[in-house]
Amino acid sequence: MNKIYFVDVTNRDGVQTSRLGLAKLQKTIINLMLDDMGVTQSEFGFPTTMHELNYLNANLELVERNVITNTKLSGWMRAIASDVELSFKNVPKLKNCNLSQSTSEQMIYGKYLGKKTPEDILRLSCEAVECAVDKGAEIIGVNAEDASRSDINFLIKLGKEVKNSGAYRFRYCDTLGYDDPKTAYDRIYEIAKATKMPIEMHFHNDLGMATACSVMGAKAAIEAGVDAYINTAINGMGERAGNADLVSCMLAILKSSGF
């Protein structure tokens, strides 16, 4: 039977909340508390950002010393081979990573100023995955930024190609908080069915539906025959209106009538 897991992004996305700053000790305490809860994974920071490095390396030392035993720590980086190279150089004990790449027409044009095509995006993403494999990464996720506004066939093609390159999970990112629960279900079901990859879902709360979309997305992944990974943040923290709330998602999965 397929399962639902939680990937908490408080220490990566939650800290992008306006006027919120978490000290490195506070972020460490969050990782310890997530571990006590049995949360599957904590996206604990940016391995390419110099001011994070002491904290990131120290927390992986806590893993080696069996202080953090349940929660896997993963780093976030762009899906560009040079970022992967730098990340594993900066944080040598890093084992898990999520590689983020823009996938919507608007994002590809806006970020790359018209200099990249969808085929370039596929190539860059696969190169980044292959680099992570070469560096010894154990769990590699590929994030489709702005997936909710991306062509569904392109998302499926990206998923299949990065899977062939060594990626394990595909993250569907509702970067602008644009989806509704029905749309989230339909799109995630189609991607999961076609790629046969475990699906992460990353929803923002701009329209007040982050928890509902996360739960329905997880339901879609399970019913399509793959594991589901819900991205959450403590108290729903996150940029703009925030991310899906950790406790709300847990309670919805455990107590709502649909589950």
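**Close-up views of a predicted barrel model**

**View 1. The barrel strands.** Eight strands form a closed barrel with parallel pairing, ordered S1-S2-S3-S4-S5-S6-S7-S8. Averaged without regard to direction, neighbouring strands of this sheet are turned by 25° against each other. Strands (E, at least two residues) and helices (H or I, at least four) are DSSP runs, numbered from the N terminus. Pairing requires at least two DSSP bridges between two strands. This is a predicted model: local features need pLDDT of at least 70, side-chain atom pairs count only at pLDDT 80 or more, and totals for chains, interfaces and linings use all residues. Residues are numbered from 1 along each chain as its sequence is written, and side-chain values use heavy atoms, with hydrogens and water left out.

**View 2. Strands S6 and S7.** S6 (residues 169-174) and S7 (residues 199-203) run parallel, joined by five bridges. Tyr 172 stands opposite Met 201 in S7.

**View 3. Helix H1 on the sheet.** H1 (residues 24-37) touches strands S1 (4-8), S2 (41-45) and S3 (72-78). Contact means heavy atoms within 4.5 Å. The direction of H1 makes about 170° with that of S2. Angles run from 0 to 180 degrees between N-to-C directions; axes are lines fitted to C-alpha atoms, for helices over the stretch in contact.

**View 4. Helix H5 across two strands.** H5 (residues 118-134) lies across S4 (96-102) and S5 (139-145). H5 runs at about 170° to S4.

**View 5. Helices H7 and H8.** H7 (residues 181-195) packs against H8 (residues 210-223) at about 30°, with axes 8 Å apart. That makes the two helices roughly parallel (angles under 35 degrees).

Technical notes: Parallel < 35°, antiparallel > 145°, perpendicular 65-115°, else oblique.
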